[in-house]
Each structure stands twice: as C-alpha cells, then as structure tokens.
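Welcome! Please take a look at the sequence and the structure shown here, and then read on for a short tour.

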2 protein chains.
Amino acid sequence: MIRGFINSRISRDKKLYQKLHNLLGFYPGKISLYKIAITHNSYRNTPNNDPKKVNNERLEFLGDAVLGMVVAEKLYLKFPYKNEGFLTEMRSKIVGRSKLNSIGKKMGIHQLLHYDIKLKNNPVFIDAITGNAFESIIGAIYLDKGFQFTKNFILNKILEQHIDFEELLIQELSYKAKLVKWAQKEKKKLDFSLKNVEMENKRKIYEVAILLDDEEIVVGKNHSKKIAEELASQKFCLQLSI
Amino acid sequence: MIRGFINSRISRDKKLYQKLHNLLGFYPGKISLYKIAITHNSYRNTPNNDPKKVNNERLEFLGDAVLGMVVAEKLYLKFPYKNEGFLTEMRSKIVGRSKLNSIGKKMGIHQLLHYDIKLKNNPVFIDAITGNAFESIIGAIYLDKGFQFTKNFILNKILEQHIDFEELLIQELSYKAKLVKWAQKEKKKLDFSLKNVEMENKRKIYEVAILLDDEEIVVGKNHSKKIAEELASQKFCLQLSI
C-alpha cells in the first residue's frame, strides 16, 4: 500500500515535470519549488487537503522582485536616452496586474493551478491567481536555477514573446505618461526635477519642477514625489490642451 | 594647455577613484558610471556647467530594482516561516526613503555629491538626494561588476553593517504590521487570504480575509489588495484592542 502511494505520487510528479517542461521550455530541477508555486492559498479549503499546506505567496514576493529587476535592466538598456519617469511608467505597464494575468494565461499557467475548486467558475479570480502564480513560478525558477538562467528566461520567453514595446509606448497611464509621449513626439527634452524639499508638520513636501528643454515650466508640490510629478504634469497638460 | 586640462581631469578622476574605494571597499572599474551616480539633476544649474550633463535618475531606477530584489531574497531566506505580508513590510522598512537616506549618509555618500550649490544649506534636500544617490551607486556597481558582486556588496556592506533586523521587527508601519507583530508574540498563525475578486463598474474589488490559526476572522474589501488587507487588519486590531 505504501508502495502504491509512493508510486502514484511519483507518477503525478512525472506528469507535472512534463507539463512544466512543455510550459517553460526546460526541465525543472527541484520540483517541490514548482509545486508550491502553483498552489494558491485557497487550496487549503479543499476537502481532504492538508490545511497547513504551504502556498505560493512567499514565492510570489520573491518572483515579483526578480521580474521587476530584470525588466528594469532591460528597459534601462533598451532606452538609453529615456529618463527615469519614462522607465518607471514602462515597467508598470509590463509588470502590472492585468499584463501578468494575461501573460500567465497565454502561457497556460491557469491549467496547472491548485486552488479551492468551489471558485472554479469565477473567471476574475482565476485570472488574478494566474498572474500571481506566474510571479511565483519566476521565484521558483530563480531558487532552482539561479539568476542568469532566470534572467534569460524572462528576456527570451516572456519579454520577447509577450511584450510589444511599440504598443506599450502608445498606451497611456497618467498625465505624466501623456506628457512624456507628447515630448517624444515633439522632440522636446522633458525632465522632472526635484526642486526642493521642505518640512510641514514633520512631513516632507516635495516640490517637483517640469523642465522643457531645460526651462522650468510648472511645479507640483505634494507629500508624495510621484503625486507631485502628476500634479505638475496635469497643469502642463492643461496648458498644452492635450 | 590641452595637456593641462587632461592632467587635471585625470587627477580629479584619481581622487574620486580613491574616495570611492574608501567608501565602497573596492576599486571601481568604469569610473564614468560612478560619476553619473553621484550627479544630481540640480547640478545642471551650477554656473559654467554643461546643462545637458546626465544625472543619476536612470541609475537610481536600476539600483532601486537591484536593491529591492537582493533584499527580497535575503528576507525570503532569513525568515522561512514568515508569510508574504511580513516579508513585504520588512522590505519596505529596509528600502524605505528614510532608511536609505540615513544609510547613504552614514556611508558618506553626501560628501561626494554634485548638485546645485545654492541648495547646500537645505539639509532635508541633501538627505533626500543622498538616499537617491545611494541607489544610483548600486545601479552603477551592478552595471560595472555584475549581479553576484553587487549582491555580495549589498549583503555584506549594507545589510550586515547597517540593518538591525531585530529592531526592524518591532517597528510598526501599519495595522497589518501591528497585527503581524501581535500574532508572532501570541504564537498564532496569521494569514491574509484572497477570498474573492469581483467586478464593479469594470474595476476589480478584492476581498481579503484574515485567518487566525486557519479560522476566518474578518474580511476587507477594496479596489487595492493592499488597502483591503489594511482595512481587514484595522477591524481586527479594533477587536483585539491593540
């Protein structure tokens, strides 16, 4: 009986091993990491399942960081003349929730997931946990195969196959993104510059200036540098009627 | 005259080279990267300076991502039984603005910075650009020396020397952090579980449940998963009177 149990487990592992190969394009080393990566927290609610079973949230945390870094470097190198604001916007388009969910689905990750079967008819839930598992799998690859391997995987299997940089360039996220796009089109030099930091009731207030061809146009002030940039961008967009 | 100019430049480079060695503990390879890393955007306002001079913001973007990833892995390995919420909180304490500013200052980075000298009497400004330059320098090290070297630098020269993990554990950032701390003290198993995702006016609403020893206690709902967790944590903290 024990042998039967072990055999069935080995056979299940073999199947997963093959499925992962088909999905990722390489044979995993430490299969246990990938098993965790495809296990959503809700799986514990499934009858007869061990409620203490680990879930993929820790691996998601790690995978998110690895993906964010590799994408940051790719953008840094791909766009040598673009400023930090542009790079940040581009990255949030690539590693944003909806993009990750859709890439995960295209890769077929949703077919591997372990989760509470009662939720199987909730497509929004399935979409969300697919994107999360996609990050978890990246975390698993990193721990299993190391940095260089994971970097190559992200560059060749994810960015190369699923990201259209040209298309991303024309999508808009915010006033800042709108302005960045406008400046590119007009071939103007656009910069966001931290002009001053002052204290108000023990909180910092950032004053950010927008420079167009090195000339200061508008400023924005806020406790958050990012919001200060948005406020300044909004003013400028209004001025430009864009 | 040209020779004089070149000589003075080489001599300035040599000084920077030596200063960087003292500060970082190794000799930089591509000194030009580090020169960019210590140049704040405001430096262009300095008289006789080239207004088109590059600044450190792109390197800051890259360094921020590298630092975030190395810290994520460190926390993942150091706290094998902590959940993703805990790891996220810990990381934001380590790579948060105020921490980076203070580490940058302790390392002496502020003494190397190039910035608009008119701002030299604004200590809050200097603090902020020191933290940013600290991230830029990490970006420079990554491009100069590669991933493994940078990882070792961050682990041994930054985390080892400047981060007291025990102290961080008792700092609070949010209701969630408060709850995490409470659960640790009480030796309770605390989990944040994505219970459902629904659509409302084309926007996702996340429903997050807090599980204590696998029993659901409260839920929080919001368009942001993070805020849903905070709302649920707040309810629970009120119930616990902590």
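Buried area is the accessible area, taken with a 1.4 Å probe, that two parts lose on being put together, summed over both. This is a predicted model, and in it chain B and chain A bury about 4400 Å² between them. Of that area, 59% lies on carbon and sulfur atoms. On the side of chain B, R58(B), F61(B) and Y76(B) supply 20% of the area buried against chain A, more than any other three residues.

How do the two chains sit relative to each other? In general, two copies of a chain are related by a rotation about an axis and a shift along it. The same surface serves both copies, since 100% of the contact residues of chain B recur in chain A.

Next, the contact itself. Chain B brings 53 residues to it, and chain A brings 53 residues as well. Across the interface there are 16 residue pairs in polar contact, with both residues at pLDDT 80 or more. Several elements of chain B each supply at least two residues to the side that touches chain A, among them the helices α3 (57-78) and α6 (123-145) and the strands β1 (190-200) and β2 (203-212). The most comes from α3(B), with 14 residues. By kind, the residues on this side of chain B divide into 26 nonpolar, 10 polar and 17 charged.

Charged pairs are found both between and within the chains. How many salt bridges are there between chain B and chain A? The count is four, while over all chains it comes to 26. Here is one example from the interface and one from within chain A:

| Salt bridge | N to O distance |
|---|---|
| R44(B) and D191(A) | 3.7 Å |
| E229(A) and K176(A) | 2.6 Å |

Finally, the aromatic rings. The whole structure holds 15 aromatic pairs over all chains. One of them is stacked: the rings of Y17(B) and Y27(B) lie 5.2 Å apart, centre to centre, with 25° between the planes. Y17(B) belongs to helix α1 (residues 2-24) of chain B, and Y27(B) to the loop between α1 and α2 (31-37), 10 residues apart.

Conventions
Residues numbered from 1 in each chain as written. Chains lettered and ligands numbered in written order. Predicted model: local features only at pLDDT ≥ 70, side-chain atom pairs only at ≥ 80, totals over all residues. Heavy atoms only, no water. Contact = heavy atoms within 4.5 Å. Salt bridge = Lys/Arg side-chain N within 4 Å of Asp/Glu carboxyl O. Polar contact = N/O pair within 3.5 Å; in protein donor to acceptor, adjacent residues only side chain to side chain. Helix = DSSP H or I, 4+ residues; strand = E, 2+ residues; numbered from the N terminus. Nonpolar A, V, L, I, M, F, W, Y, C, P; charged D, E, K, R; others polar. Phe/Tyr/Trp six-rings, centres within 6.5 Å; stacked < 30°, edge-to-face > 60°.
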